[in-house]
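Then let's walk through it together.

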Amino acid sequence: VPLGFAGAISAHRDAPLSITASLRTLGRRREVASVWLLNAIHVMVFALSATFLPLYAAMRGLRPSQIGLIFAVGSAAFTLAQVPAGRILERVSPHVLLAPVYVARGVVTAAVPLVSGFGGLLALSVVSGVVGAVVPPALSARLAVVTPRTQAVVAMGGFVAAADVGFFVGP
């Protein structure tokens, strides 16, 4: 897959002289920094769920196979929902969708303690996966709009780094 991008991205042409300076410059742009922050929050919510949901499910008496199935089905829902989410984002601005998506994700997360059985946790995992699938394409699309072309490679590097931070801070 990376070879498919060989003609579009060139390290010689697209990499800045100083990545640190470019990250600093981009970080001062409010819209770029907000996309990075939202990406970190999105991944942090997943990391928290991945850390504590199995513990909660085990406390409720679920078997390891059921817990694994909850994650597998939720992950499949997240993956499959990315295509329609991308199609929706071709017609609707990311600004319009992100706030409701984050609210819905918060509601789903807050509902976890209200559910104790396998079926309920499985359903919440699917809903969380479908709702959360909107976030990566929406944030990527927004980042592409607010970033100067000359800094796109560094902006996406910051985007991925923000996800890493969210993942490690989450648990």
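Here is a short tour, starting with the overall layout and ending with a few individual residues.

Keep in mind that this is a predicted model. Of its 171 residues, 33% are buried. Take the contacts with a separation of 6 or more: 77% of them join residues 24 or more positions apart.

Helix α8 covers residues 152–169, and at 1.5 Å a residue its 18 residues should span 26 Å; the end C-alpha atoms are 25 Å apart, which agrees. Which residues of α8 are buried? They are Val 154, Ala 155, Gly 158, Phe 159, Ala 162, Ala 163 and Gly 166.

On the α2 side, Ile 19, Ser 22, Leu 23 and Leu 26 meet Val 154, Ala 155 and Gly 158 of α8. Sorted by class, this contact has five nonpolar, two polar and no charged residues.

Some of these names come back in the largest nonpolar core. It has 20 residues, and those touching the most other members are Leu 26, Val 32, Trp 36, Leu 139, Leu 143 and Phe 159. Two or more residues come from each of α3, α4 (64–91), α5 (94–111), α7 and α8, with α7 giving the most, five. Take Leu 143 as an example: beyond its neighbours within four places in sequence, Leu 143 is in contact with Val 32, Val 35, Trp 36, Ala 155, Met 156 and Phe 159. Apart from this core lies another, of twelve residues, among them Leu 62, Ala 111, Val 115 and Leu 121.

One last stop is His 42, in helix α3. Is His 42 buried or exposed? Its relative accessible area is 6%, and buried means under 20%, so His 42 is buried. Leaving aside neighbours within four places in sequence, His 42 is in contact with Phe 78, Tyr 102, Arg 105, Gly 132, Val 135 and Pro 136.

Terms used
Residues are numbered from 1 along each chain as its sequence is written. This is a predicted model: local features need pLDDT of at least 70, side-chain atom pairs count only at pLDDT 80 or more; totals for chains, interfaces and linings use all residues. Side-chain values use heavy atoms; hydrogens and water are left out. Helices (H or I, at least four residues) and strands (E, at least two) are DSSP runs, numbered from the N terminus. The expected span of a helix is 1.5 Å times one less than its number of residues. Buried means under 20% relative accessible area, exposed over 50%, partly exposed in between (1.4 Å probe, protein chains only). Contact means heavy atoms within 4.5 Å. Ala, Val, Leu, Ile, Met, Phe, Trp, Tyr, Cys and Pro count as nonpolar, Asp, Glu, Lys and Arg as charged, and the others, Gly among them, as polar. A nonpolar core is a set of buried Ala, Val, Leu, Ile, Met, Phe, Trp, Tyr and Cys residues joined through side-chain atoms within 4.5 Å.
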